[in-house]
Amino acid sequence: MHSELEQLLILQDREQRIRQIRTEIETVPLRRKSLEAQLAASRASVEVLKQRARQVEMDRKKLELDVGTRAETIARLKTQQYQTRKNDEFQAIGHEIERYENEIQKIEDEELELMVLADKVKADLAEEEKKAAAAKDSITRQTADLEDKSKALESQLQGLTTERSELAGKIDEDLLARFERLFQSKGDAAIVAIEHGVCTGCHMKVTTATASQVKAGKEIVNCENCGRILYDAA
Ligand SMILES: [Zn+2]
(Lines give C-alpha, C1' and ligand atoms only; values in the text may rest on other atoms or scores of the structure.)
Protein backbone atom coordinates (compact mmCIF):
# COMPACT_ATOMS: atom_id res chain seq x y z
CA MET A 1 0.00 0.00 0.00
CA HIS A 2 1.00 3.59 -0.64
CA SER A 3 2.95 4.58 2.51
CA GLU A 4 1.18 7.94 2.83
CA LEU A 5 -2.11 6.09 2.69
CA GLU A 6 -1.00 3.92 5.59
CA GLN A 7 -0.25 7.04 7.61
CA LEU A 8 -3.57 8.56 6.64
CA LEU A 9 -5.40 5.42 7.73
CA ILE A 10 -3.81 5.64 11.17
CA LEU A 11 -4.65 9.34 11.30
CA GLN A 12 -8.22 8.57 10.28
CA ASP A 13 -8.52 5.98 13.03
CA ARG A 14 -7.39 8.53 15.63
CA GLU A 15 -9.74 11.17 14.25
CA GLN A 16 -12.65 8.77 14.32
CA ARG A 17 -11.88 7.93 17.94
CA ILE A 18 -11.57 11.63 18.78
CA ARG A 19 -14.94 12.26 17.19
CA GLN A 20 -16.52 9.36 19.10
CA ILE A 21 -15.06 10.51 22.43
CA ARG A 22 -16.20 14.09 21.84
CA THR A 23 -19.74 12.84 21.18
CA GLU A 24 -19.62 10.88 24.42
CA ILE A 25 -18.26 13.86 26.37
CA GLU A 26 -21.10 15.98 25.02
CA THR A 27 -23.65 13.66 26.66
CA VAL A 28 -22.09 14.06 30.12
CA PRO A 29 -23.84 17.32 31.17
CA LEU A 30 -27.19 15.92 30.03
CA ARG A 31 -26.67 12.72 31.99
CA ARG A 32 -25.56 14.72 35.03
CA LYS A 33 -28.71 16.88 34.76
CA SER A 34 -30.89 13.81 34.45
CA LEU A 35 -29.41 12.36 37.67
CA GLU A 36 -29.95 15.69 39.45
CA ALA A 37 -33.55 15.75 38.25
CA GLN A 38 -34.13 12.19 39.55
CA LEU A 39 -32.75 13.21 42.94
CA ALA A 40 -34.91 16.34 43.05
CA ALA A 41 -38.04 14.37 42.10
CA SER A 42 -37.35 11.83 44.82
CA ARG A 43 -36.88 14.60 47.41
CA ALA A 44 -40.04 16.35 46.21
CA SER A 45 -42.21 13.26 46.73
CA VAL A 46 -40.97 13.00 50.33
CA GLU A 47 -41.66 16.70 50.82
CA VAL A 48 -45.23 16.33 49.52
CA LEU A 49 -45.95 13.61 52.10
CA LYS A 50 -44.31 15.60 54.91
CA GLN A 51 -46.51 18.55 54.00
CA ARG A 52 -49.53 16.25 53.94
CA ALA A 53 -48.66 14.90 57.40
CA ARG A 54 -48.32 18.45 58.76
CA GLN A 55 -51.70 19.41 57.25
CA VAL A 56 -53.47 16.38 58.78
CA GLU A 57 -51.95 17.20 62.18
CA MET A 58 -53.07 20.83 61.88
CA ASP A 59 -56.60 19.76 60.93
CA ARG A 60 -56.69 17.37 63.87
CA LYS A 61 -55.54 20.08 66.31
CA LYS A 62 -58.21 22.41 64.97
CA LEU A 63 -60.87 19.77 65.65
CA GLU A 64 -59.46 19.30 69.15
CA LEU A 65 -59.87 23.04 69.75
CA ASP A 66 -63.40 22.91 68.35
CA VAL A 67 -64.24 20.18 70.87
CA GLY A 68 -62.63 22.23 73.64
CA THR A 69 -64.67 25.36 72.97
CA ARG A 70 -67.87 23.33 72.82
CA ALA A 71 -67.01 21.57 76.10
CA GLU A 72 -66.49 24.97 77.72
CA THR A 73 -69.84 26.17 76.39
CA ILE A 74 -71.53 23.05 77.72
CA ALA A 75 -69.95 23.64 81.17
CA ARG A 76 -71.20 27.24 81.14
CA LEU A 77 -74.69 26.15 80.04
CA LYS A 78 -74.82 23.52 82.76
CA THR A 79 -74.06 26.19 85.40
CA GLN A 80 -76.83 28.36 83.92
CA GLN A 81 -79.18 25.40 83.90
CA TYR A 82 -78.39 24.63 87.52
CA GLN A 83 -79.04 28.25 88.49
CA THR A 84 -82.39 28.71 86.67
CA ARG A 85 -85.69 28.22 88.41
CA LYS A 86 -87.82 28.43 85.26
CA ASN A 87 -88.80 25.08 83.90
CA ASP A 88 -89.01 26.17 80.21
CA GLU A 89 -85.61 27.86 80.42
CA PHE A 90 -84.19 24.72 82.04
CA GLN A 91 -85.51 22.67 79.12
CA ALA A 92 -84.31 25.16 76.50
CA ILE A 93 -80.80 25.08 77.96
CA GLY A 94 -81.02 21.29 78.05
CA HIS A 95 -81.72 21.25 74.29
CA GLU A 96 -78.80 23.54 73.63
CA ILE A 97 -76.49 21.33 75.67
CA GLU A 98 -77.68 18.34 73.66
CA ARG A 99 -77.02 20.17 70.40
CA TYR A 100 -73.44 20.93 71.47
CA GLU A 101 -72.91 17.34 72.62
CA ASN A 102 -74.05 16.09 69.21
CA GLU A 103 -71.62 18.45 67.54
CA ILE A 104 -68.82 17.17 69.74
CA GLN A 105 -69.72 13.61 68.77
CA LYS A 106 -69.52 14.52 65.07
CA ILE A 107 -66.21 16.33 65.52
CA GLU A 108 -64.75 13.39 67.42
CA ASP A 109 -65.80 11.05 64.60
CA GLU A 110 -63.96 13.33 62.17
CA GLU A 111 -60.96 13.35 64.49
CA LEU A 112 -60.90 9.57 64.49
CA GLU A 113 -60.94 9.53 60.67
CA LEU A 114 -58.06 12.00 60.65
CA MET A 115 -56.07 9.82 63.03
CA VAL A 116 -56.52 6.84 60.72
CA LEU A 117 -55.46 9.05 57.81
CA ALA A 118 -52.46 10.33 59.81
CA ASP A 119 -51.30 6.74 60.36
CA LYS A 120 -51.59 6.02 56.65
CA VAL A 121 -49.69 9.18 55.68
CA LYS A 122 -47.01 8.32 58.25
CA ALA A 123 -46.60 4.84 56.77
CA ASP A 124 -46.51 6.24 53.23
CA LEU A 125 -43.90 8.79 54.32
CA ALA A 126 -41.70 6.11 55.89
CA GLU A 127 -41.94 4.06 52.70
CA GLU A 128 -41.15 7.09 50.52
CA GLU A 129 -38.20 8.07 52.73
CA LYS A 130 -36.81 4.56 52.38
CA LYS A 131 -37.16 4.74 48.61
CA ALA A 132 -35.60 8.23 48.56
CA ALA A 133 -32.60 7.05 50.59
CA ALA A 134 -32.02 4.14 48.19
CA ALA A 135 -32.43 6.47 45.22
CA LYS A 136 -29.95 8.92 46.73
CA ASP A 137 -27.35 6.16 47.21
CA SER A 138 -27.80 4.95 43.67
CA ILE A 139 -27.71 8.45 42.20
CA THR A 140 -24.62 9.38 44.22
CA ARG A 141 -22.89 6.26 42.92
CA GLN A 142 -23.97 6.94 39.33
CA THR A 143 -22.82 10.55 39.58
CA ALA A 144 -19.39 9.48 40.86
CA ASP A 145 -19.15 6.92 38.01
CA LEU A 146 -20.09 9.60 35.52
CA GLU A 147 -17.42 11.97 36.86
CA ASP A 148 -14.79 9.20 36.69
CA LYS A 149 -15.84 8.33 33.17
CA SER A 150 -15.82 11.97 32.14
CA LYS A 151 -12.27 12.39 33.46
CA ALA A 152 -11.14 9.21 31.69
CA LEU A 153 -12.66 10.44 28.41
CA GLU A 154 -10.96 13.83 28.76
CA SER A 155 -7.58 12.20 29.28
CA GLN A 156 -8.15 9.80 26.36
CA LEU A 157 -9.09 12.77 24.21
CA GLN A 158 -5.96 14.60 25.24
CA GLY A 159 -3.78 11.58 24.39
CA LEU A 160 -5.45 11.08 21.02
CA THR A 161 -5.23 14.77 20.16
CA THR A 162 -1.48 14.76 20.83
CA GLU A 163 -1.06 11.58 18.80
CA ARG A 164 -3.13 13.07 16.01
CA SER A 165 -0.98 16.20 15.71
CA GLU A 166 2.20 14.11 15.71
CA LEU A 167 0.84 11.96 12.87
CA ALA A 168 -0.45 14.97 10.95
CA GLY A 169 2.98 16.61 11.18
CA LYS A 170 4.49 13.77 9.14
CA ILE A 171 1.96 13.97 6.29
CA ASP A 172 2.23 16.17 3.21
CA GLU A 173 0.26 19.37 3.80
CA ASP A 174 -1.79 19.26 0.60
CA LEU A 175 -2.68 15.63 1.12
CA LEU A 176 -3.56 16.34 4.75
CA ALA A 177 -5.81 19.23 3.70
CA ARG A 178 -7.52 16.98 1.16
CA PHE A 179 -8.01 14.32 3.79
CA GLU A 180 -9.38 16.78 6.36
CA ARG A 181 -11.85 18.28 3.88
CA LEU A 182 -13.13 14.82 2.95
CA PHE A 183 -13.23 13.67 6.56
CA GLN A 184 -15.32 16.70 7.57
CA SER A 185 -17.69 16.56 4.60
CA LYS A 186 -18.29 12.79 4.62
CA GLY A 187 -18.89 12.53 8.32
CA ASP A 188 -17.69 8.93 8.60
CA ALA A 189 -14.49 8.24 6.69
CA ALA A 190 -12.30 9.96 4.12
CA ILE A 191 -10.41 6.79 3.20
CA VAL A 192 -12.27 3.59 2.45
CA ALA A 193 -11.47 0.16 1.08
CA ILE A 194 -12.41 -1.25 -2.28
CA GLU A 195 -13.99 -4.67 -1.91
CA HIS A 196 -14.79 -6.72 -5.04
CA GLY A 197 -14.52 -3.54 -7.10
CA VAL A 198 -17.02 -1.70 -4.90
CA CYS A 199 -16.25 1.45 -2.89
CA THR A 200 -17.22 0.67 0.71
CA GLY A 201 -17.94 4.36 1.29
CA CYS A 202 -20.74 4.80 -1.24
CA HIS A 203 -21.28 1.13 -2.18
CA MET A 204 -20.97 1.88 -5.87
CA LYS A 205 -18.85 -0.09 -8.34
CA VAL A 206 -15.75 1.79 -9.41
CA THR A 207 -14.35 1.61 -12.94
CA THR A 208 -11.85 -1.10 -13.76
CA ALA A 209 -9.24 1.60 -14.38
CA THR A 210 -9.78 3.05 -10.92
CA ALA A 211 -9.66 -0.41 -9.35
CA SER A 212 -6.33 -1.21 -10.99
CA GLN A 213 -4.88 2.17 -10.07
CA VAL A 214 -5.78 1.48 -6.46
CA LYS A 215 -4.31 -2.00 -6.66
CA ALA A 216 -1.05 -0.62 -8.08
CA GLY A 217 -0.81 1.62 -5.00
CA LYS A 218 1.42 4.19 -6.69
CA GLU A 219 -0.80 7.21 -6.22
CA ILE A 220 -3.71 8.55 -4.20
CA VAL A 221 -6.92 7.55 -5.99
CA ASN A 222 -10.40 8.91 -5.32
CA CYS A 223 -13.70 7.11 -5.85
CA GLU A 224 -15.28 8.68 -8.93
CA ASN A 225 -18.72 8.51 -7.30
CA CYS A 226 -18.22 9.84 -3.77
CA GLY A 227 -14.72 11.29 -3.90
CA ARG A 228 -13.40 9.30 -0.94
CA ILE A 229 -9.78 8.12 -1.11
CA LEU A 230 -9.59 4.41 -1.90
CA TYR A 231 -7.28 1.66 -0.73
CA ASP A 232 -7.02 -1.98 -1.62
CA ALA A 233 -8.24 -4.13 1.23
CA ALA A 234 -6.91 -7.35 -0.25
ZN1 LIG B 1 -17.32 5.91 -3.25
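Visitor: Which residues does Leu230 touch, not counting residues up to four places away in sequence?

Guide: A contact list shows what surrounds a residue once its neighbours along the chain are set aside. In this predicted model, Leu230 touches Val192, Ile194, Cys199, Val214, Val221, Asn222 and Cys223, with residues up to four places away in sequence left out.

Visitor: Which residues touch the most other members of the largest nonpolar core?

Guide: One reads a core by asking which members have the most partners within it. Here the largest nonpolar core has 17 residues, and Ile191, Cys199 and Leu230 touch the most other members. Two or more residues of this core come from each of α1 (3-83), α3 (173-186), β1 (191-195) and β4 (229-232).

Visitor: What span does α3 reach from its first C-alpha to its last?

Guide: The reading of a helix compares its span with an expected value. With 14 residues, α3 reaches 20 Å, close to the 20 Å expected at 1.5 Å a residue. After α3 comes Gly187, whose phi is positive, near 85°.

Visitor: Is Lys151 buried or exposed?

Guide: Lys151 is exposed because it has 10 other C-beta atoms within 10 Å. This residue belongs to helix α2 (residues 87-169). From Leu11, Lys151 is 140 residues away in sequence and 24 Å away in space, C-alpha to C-alpha.

Visitor: What pattern does the protein chain follow along the sequence?

Guide: For the protein chain it reads α-α-α-β-β-α-β-β. The radius of gyration is 41 Å, well over the 17 Å that the globule rule gives for 234 residues, so the protein chain is more spread out than a compact globule. The C-alpha trace spans about 130 × 35 × 25 Å along its principal axes.

Visitor: What percentage of the residues of the protein chain count as buried?

Guide: Of its 234 residues, 11% count as buried.

Terms used:
Residues are numbered from 1 along each chain as its sequence is written. This is a predicted model: local features need pLDDT of at least 70, side-chain atom pairs count only at pLDDT 80 or more; totals for chains, interfaces and linings use all residues. A nonpolar core is a set of buried Ala, Val, Leu, Ile, Met, Phe, Trp, Tyr and Cys residues joined through C-beta atoms within 7 Å. A residue is buried if 20 or more other C-beta atoms lie within 10 Å of its own, exposed if 12 or fewer, and partly exposed in between; C-beta atoms are placed from the backbone. Helices (H or I, at least four residues) and strands (E, at least two) are DSSP runs, numbered from the N terminus. Two residues are in contact if their C-beta atoms, placed from the backbone, lie within 7 Å. The expected span of a helix is 1.5 Å times one less than its number of residues. The radius of gyration is taken over C-alpha atoms; the globule rule is 2.2 Å times the number of residues to the power 0.38.
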